[in-house]
Amino acid sequence: MPIKTQRPVNNRHHLAIAALTVLLAACADTPIQKAHAENPGQSSAPAITQSAPAEVAVDLATQGHTFVQWQRSFREQALAAGIEQTLFDQAFAGVVPDPSILRADNSQPEFTRPVWEYLDSALSAQRLASAQRLLIEHAAILNTIEQRYGVDRHILVAIWGLESNFGNNMGKNYVIRALATLAHEGRRPDFAHAQLLAALEILQRGDIQPAGMLGSWAGAMGQTQFIPTTYNSHAVDFDGDQKRDIWNSSADALASAANYLRVSKWQNGQPWGAEVSLIRDFDYALADMSIRKPLSEWAALGVRDMQGNSLALTDGEQAASLLLPAGHTGPAFLVRDNFRSILRYNNSTSYALAIGLMAKRMQGEGEIIATWPTGDKPLSRSERLELQQRLLDVGFDPGGADGIIGANTRQALRHFQIALGLPADGYPSHALLEKLRTF
């Protein structure tokens, strides 16, 4: 169906909230501001008028009053920004801090899943079968969305599947309570504050009632898991009921995801990437998402398709990056601009790879040919911290020791590998940690 005009919004209220959001937002506006997890921590959403659970009621006698003071101050800010008093009080009725939200926010798991295990779960046969069935059931809507936004239907259904299991697992947390907890004492209170204001704006617009505003512990909402500011900027009313309902309308959810990818520079008709093979003695230091080369240059450097043939260069000047998600001993992929558009949705290369591969598997392709180094399990968090500290100790600065393997750590690892005459893929392995221990 064509998109109808959305319900008018009070411009003064809207601008005031937008101004506060800009001042308070602490990171880029993407649908999900978290590392993607297959089963994020969740807790049941309280009824709007639910009283504090026992474990919280004890705290209210001491530190709980601080939350009351915070809520009073936040209420003044929200009303000044244009939120109606009655709406605020309804949304916050019975809201108290949720300890499970803080546990999820502060959790730093010691172990992470290897990329091949993540992909096995994300690309399960059951999920693929559901995706193929829903492609048929929603063919008419998906066709209209494709025509309007220029985004491939297979990519949209893959996002739908990974984000919420096609609307079956959207999260059970009451978003206002979750964000209020995080704004009061979470790790990123300014970001949560901005999201909470945006969530109240959604309620005031009438797109969803408070009791229906459920999502993840971090405030990601609906079938496509938008955070509130992303919702306000990019959610659309596609089914024409004057509401942007990404919770109950699959048409609205899918079209909203398509709209977000469109503004993230999705290129209609272009592939996201493909698995490739590399020649012996390839310079693995080139496997970095910050390095972008035309396909013709990658071909000249010895990148081949999985049959060992030269790359098809009908669009040979389109830029691509080389991705080695498990280091030089695992599969290699050349990824293009549409892969980066998926990263705008969720900044995890494993996630983006899962979306791209699932989209291909819906079309009978996308099987990975190279083998994963399943004997090389990822480093634990404590081992990643040790790796970074040892890199620093021997003169290869990883930019600090925080347990996160980012661009600086990978660059430091490459310099260390080059010093030892090893393939410089920047991949943190147990073998490399052992070499650092004896360096």
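**View 1. Contacts across the whole chain.** Take contacts (heavy atoms within 4.5 Å) between residues at least 6 apart in sequence: 71% of them join residues at least 24 apart. This is a predicted model, where local features need pLDDT of at least 70 and side-chain atom pairs count only at pLDDT 80 or more, while totals for chains, interfaces and linings use all residues. Numbering runs from 1 along each chain as its sequence is written, and side-chain values use heavy atoms, with hydrogens and water left out. Of the 439 residues, 53% count as buried, i.e. under 20% relative accessible area with a 1.4 Å probe, protein chains only. The chain has 18 helices and seven strands, taken as DSSP runs (H or I, at least four residues; E, at least two) numbered from the N terminus.

**View 2. The five-stranded open sheet.** Its order is E4-E6-E7-E3-E5, with antiparallel pairing; a pair needs at least two DSSP bridges. E4 (293-294) and E5 (303-304) sit at the edges with a single partner strand each, so one side of each has no neighbour in the sheet.

**View 3. Strands E6 and E7.** E6 (residues 319-323) and E7 (residues 332-335) run antiparallel, paired over three bridges. Look for Leu 322 opposite Leu 334 in E7.

**View 4. Helix H14 against helix H15.** The axes of H14 (residues 337-345) and H15 (residues 349-361), lines fitted to C-alpha atoms over the stretch in contact, come within 9 Å and cross at roughly 120°. On the H14 side, Phe 339, Ile 342, Leu 343 and Tyr 345 meet Thr 349, Tyr 351, Ala 352, Leu 353 and Ile 355 in H15.

Conventions:
Axes are lines fitted to C-alpha atoms, for helices over the stretch in contact, and angles run from 0 to 180 degrees between N-to-C directions. Buried means under 20% relative accessible area, exposed over 50%, partly exposed in between (1.4 Å probe, protein chains only).
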